[in-house]
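Here are my notes on this one, jotted down while I had the model open. Have a look at it yourself, then read on.

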Amino acid sequence: SGNNNAAYAADNSNAEVNNNANKGPTNEVVKSVDGMRQRRLGGSDIVVSELGLGTQRWISADYNAPNKDQVFDFMDKAILKSGVNLIDTAEQYPIPSDGKGASEGDSELAIGEWMKSRNLHK
């Protein structure tokens with residue numbers, strides 16, 4: 001039974017590779033939005049913008065960090081108007097977090113709030 005599972009996994013793995021290979025060439029420019037090129041990631045159907053939004057300092061305890069309103073404006077312009085679809089985030093963002101005004105996870109919460117307020121579901 002174990003050998004059958006290994007063969008099944010290998011067959012499915014090869015099928016996934018073959019399916020991804022059929023999506024298009026690596027690094028192909030799939031579309032452009034307001035000058036922002038979006039490229040195919042590998043041979044998959046995942047398409048990412050050439051530039052992404054970095055969220056490390058969003059709503060952080062740093063003295064000049066962007067507040068939630070500014071962050072929402074960033075996302076409106078970059079994502080809704082200019083075709084950015086790549087957001088760099090991590091569970092410990094923002095940095096620095098002081099546990100008072102800024103806590104770990106606040107950057108991701110702000111992104112979620114923004115998505116909900118704009119009726120975006122993905």
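Before the points, one term: a polar contact here is a pair of N or O atoms within 3.5 Å, where within protein one must be able to donate a hydrogen and the other to accept it, and residues adjacent in sequence count only if both atoms are side-chain atoms.

1. Ground rules. This is a predicted model, with local features needing pLDDT of at least 70, side-chain atom pairs counting only at pLDDT 80 or more, and totals for chains, interfaces and linings using all residues. Residues are numbered from 1 along each chain as its sequence is written, and side-chain values use heavy atoms, with hydrogens and water left out.

2. Confidence. The predictor's confidence in each residue is pLDDT, from 0 to 100. Its mean over the protein chain is 84, and 81% of the residues reach 70 or more. Where pLDDT is low, the predicted coordinates should not be read in detail.

3. Layout. The chain has three helices and five strands, in the order α-β-β-β-β-α-β-α along the sequence. Both kinds of element are DSSP runs numbered from the N terminus: helices are H or I with at least four residues, strands are E with at least two. Of the contacts between residues at least 6 apart in sequence, 45% join residues at least 24 apart.

4. Burial. Of the 122 residues, 27% count as buried. Buried means under 20% relative accessible area, exposed over 50%, and partly exposed in between (1.4 Å probe, protein chains only). The accessible surface is about 8100 Å², with 49% of that belonging to carbon and sulfur atoms; these areas come from the Shrake-Rupley method with a 1.4 Å probe, and for residues only the protein chains shown count as cover.

5. β1 and β2 pair in the antiparallel sense over four bridges; two strands pair if DSSP finds at least two bridges between them. Val-29 has Arg-39 in β2 as its bridge partner. Two residues sit between the strands of this hairpin, and Asp-34 takes a positive phi there, near 50 degrees.

6. β2 carries on into an antiparallel pairing with β3, over three bridges, where Arg-40 stands opposite Val-47. This hairpin has six residues between its strands, with Gly-42 in the turn at a positive phi of about 60 degrees.

7. Ser-44. Which backbone oxygen does the side chain of Ser-44 reach? That of Leu-41, at 2.6 Å. A polar atom of the Ser-44 side chain also lies 3.1 Å from the backbone nitrogen of Ile-46. Ser-44 is in the loop between β2 and β3, and it is buried, with a relative accessible area of 11%.

8. Helix α2. Its 14 residues reach 19 Å from the first C-alpha to the last, close to the 20 Å expected at 1.5 Å a residue; the expected span is 1.5 Å times one less than the number of residues. Asn-67 caps the N-terminal end, with a side-chain oxygen 3.0 Å from the backbone nitrogen of Asp-69. Gly-83, with a positive phi near 80 degrees, follows the helix. Val-71, Phe-72, Met-75, Asp-76 and Ala-78 are buried in α2, and the buried residues of this helix pack against β4 and α3. Gln-70, also in α2, is partly exposed at 38% relative accessibility.

9. Most residues other than glycine have a negative phi, and most peptide bonds are trans. Asn-27 has a positive phi near 70 degrees; this residue is in the loop between α1 and β1 and is partly exposed, with a relative accessible area of 44%. Ile-59 has a positive phi near 55 degrees; its place is the loop between β4 and α2, and at 18% relative accessibility Ile-59 counts as buried.

10. Cis peptides. Which residues does the cis bond with omega near 10 degrees join? Tyr-93 and Pro-94. The bond from Ile-95 to Pro-96 is also cis, with omega near 0 degrees.

Note on methods. Contact = heavy atoms within 4.5 Å.
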